[in-house]
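Here is a briefing on one protein model. Look through the sequence and the structure first.

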Amino acid sequence: MKETVNVNIGSVAFTLDEDAYRVLGSYFDDIRRRLPEGDTETMSDIEARVAEIFRERVASPMRVITLDIVRATMAQMGNPSYFGEPRDAEQSGPARKQDETECAGQPPLRKLYRTRSERSIAGICGGLAAYFDSDPTLIRLMMILLTLFGGLSIWVYIILWVVIPEEPAPKFNINKKNR
């Protein structure tokens, strides 16, 4: 005989056996560690989806959710690693890389790219501004002044357009919000 636990998942009441409750709780905790701090909306969406899956799999509200049903639901939802890296690993990873380059006495490697975000025509001035840590408007003004009065040709801009690679596209990460 197993003990059961009454839980509320996604605003729906369920009865889980004790093993299923423990496994599901650790699954939710693992996902919660991978989401941005304070991101309750995503977590409530995940819980609502789990509740939907439970309702599909359990015909009667009186039936108990077993460990097998929880494991099948977790397999359907996916591994917690699909939701990103744990927050504590993210904080130690980049800091560790930065410390390694500083310890070696070398400045961090910078590359010149045509920017995707600060662009007017091709992203050349925005990329130069990012490389030299300056304002893109200043670089644009200097480029216009040099083109009009300094003899810098439009051909130089076109050559830079061809030679300088475009900034790599940002990879999607559920932990970052672009709002």
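The notes below go from the overall layout to single residues.

This is a predicted model, in which local features need pLDDT of at least 70, side-chain atom pairs count only at pLDDT 80 or more, and totals for chains, interfaces and linings use all residues. Residues are numbered from 1 along each chain as its sequence is written, and side-chain values use heavy atoms, with hydrogens and water left out.

**Layout**

- The protein has seven helices and two strands; helices (H or I, at least four residues) and strands (E, at least two) are DSSP runs, numbered from the N terminus.
- The order from the N terminus is β-β-α-α-α-α-α-α-α.
- Of the 179 residues, 30% are buried; buried means under 20% relative accessible area, exposed over 50%, and partly exposed in between, with a 1.4 Å probe and protein chains only.
- Take the contacts (heavy atoms within 4.5 Å) between residues at least 6 apart in sequence: 56% of them join residues at least 24 apart.

**Hairpin**

- S1 and S2 pair in the antiparallel sense, over six bridges; pairing requires that DSSP finds at least two bridges between two strands.
- Asn 8 has Ala 13, in S2, as its bridge partner.
- Two residues lie between the strands of this hairpin, and Gly 10 takes a positive phi near 60°.
- Ser 11 is in the loop between S1 and S2.
- Ser 11 is not a glycine, yet its phi is positive, at about 65°.
- Ser 11 counts as exposed because its relative accessibility is 71%.

**Nonpolar cores**

- A nonpolar core is a set of buried Ala, Val, Leu, Ile, Met, Phe, Trp, Tyr and Cys residues joined through side-chain atoms within 4.5 Å.
- The largest one has 24 residues, and Ile 9, Phe 14, Leu 16, Leu 24 and Phe 54 touch the most other members.
- Strands S1 (4–9) and S2 (12–17) and helices H1 (18–34), H2 (40–57) and H3 (67–77) each supply at least two residues of this core.
- H2 gives the most to this core, six residues.
- A second, separate core has nine residues, among them Cys 125, Met 143, Tyr 157 and Ile 164.
- Beyond its neighbours within four places in sequence, Leu 16 is in contact with residues including Val 5, Val 7, Ile 9, Tyr 21, Leu 24 and Val 70.

**Largest pocket**

- On a 1 Å grid over the protein atoms alone, a pocket is an open set of points where a 1.4 Å probe fits, with protein on both sides within 12 Å along at least five of seven lines; lining residues have an atom within 4 Å of a point.
- The largest pocket has a volume of about 210 Å³, volume being the space filled by probe spheres set on the points, which are joined across faces, edges and corners.
- Its lining has 16 residues, and Ile 121, Cys 125, Met 143, Ile 144 and Tyr 157 are the closest to the centre.
- Helices H5 (124–131), H6 (136–149) and H7 (154–163) are the elements that give two or more residues to this lining.
- H6 supplies the largest share of the lining, four residues.

**Single residues**

- Asp 133 sits in the loop between H5 and H6.
- Phi of Asp 133 is positive, near 50°, in a residue other than glycine.
- Asp 133 counts as exposed because its relative accessibility is 64%.
- Ala 169 is in the segment after H7.
- The C-alpha atoms of Ala 169 and Arg 116 are separated by 8.0 Å, with the two residues 53 apart along the chain.
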